[in-house]
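Here is a short walk through one protein model. Keep the sequence and the 3D view side by side as you read.

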Amino acid sequence: MLKRHPLLGFYLLAFGLAWLGWLPQVLGASGIAPFDQPYWQGLLILPGLAPALAALLITGATAGGSGVRRLFQPLLRWRVGWPWYGAAVAGPLGLLLVAKGITTGLGLPGIPAGSPQAGASLIATAFIASLLANPWEEVGWRGFALPRWQKRYSALTASLILGSLWGLWHLPLFFWVGNPMATYPFGLWFLSLLALTVLYTWLYNATAGNLFVVALFHVSLNTFGAVVQGMSLLSLVMVYGLAALILLIRFGPTHLSPRPRIQAD
């Protein structure tokens, strides 16, 4: 069954493991015992690791040790042209600054920002949390799932499928009282993630499947998101959507990059 439907097995595990970590927090934040006890917070290690664990288990069951090595090797492939490091680090900062400018210029309501006193600690926390979680997410989302979706569909269609499922994977966070994402309008956030997924696909395909650079993009985006605060979700949809449209026009929906799209063997 797993060899015939590896993506189904992957998503069942990725959702199940992550939600096992998040749902007790959701229930506890609503005062439901015994989930309101602090020891449930230990399960929060699961969401960040869930995509990689799911990919590891499915790959190990279907392709053995050699398949597992191939799965993780792209995460260690740090030798890539410097422009790609610029795209992975400066790109997110530029996108967020443009979104901030649009928010200010149009007078749009921004996402509530943290207090100035918490600024440095918030940034440090965002960086550490991103560094610990995002590379493992990318092993699952881009390293495992994307090549399999791209074997069936164009890069654009694969991105929209992956982005939709990635968005639904985050759903418990929108019901977690006290979590910042619980204050976001889900529809706008979901649209921004779909557009952002196209950018991830472009970076992944253009670097011949380099997960190191893609993970760096993910870490940079989340870290700079703590630096450039007060943006509107609508402005993010506009900026990410425009960037995705430019890539689509420039490279076309089939590959979304100057290289052929990466497809699973």
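Start with a pair of side chains: Ser159 and Thr201 are joined by a polar contact of 2.6 Å. A polar contact is a pair of N or O atoms within 3.5 Å; within protein, one must be able to donate a hydrogen and the other to accept it, and residues adjacent in sequence count only if both atoms are side-chain atoms. The model is predicted: local features need pLDDT of at least 70, side-chain atom pairs count only at pLDDT 80 or more, and totals for chains, interfaces and linings use all residues. Residues are numbered from 1 along each chain as its sequence is written, and side-chain values use heavy atoms, with hydrogens and water left out.

Ser159 sits in helix α5, residues 155-169 (helices are DSSP runs of H or I, at least four residues, numbered from the N terminus). Ser159 has a relative accessible area of 0%, so it counts as buried (under 20%; exposed is over 50%, with a 1.4 Å probe and protein chains only). Beyond its neighbours within four places in sequence, Ser159 is in contact with Thr197, Val198, Thr201 and Leu256 (heavy atoms within 4.5 Å).

Now move to helix α4, residues 119-152, which holds Glu138. Glu138 is buried too, because its relative accessibility is 0%. Its side chain makes a polar contact of 2.7 Å with that of Arg142. Leaving out residues up to four places away in sequence, Glu138 touches Gly143, Tyr200, Leu211, Val214, Ala215 and His218.

Leu132 also lies in helix α4. Leu132 is exposed, because its relative accessibility is 59%.

Technical notes: Helices (H or I, at least four residues) and strands (E, at least two) are DSSP runs, numbered from the N terminus.
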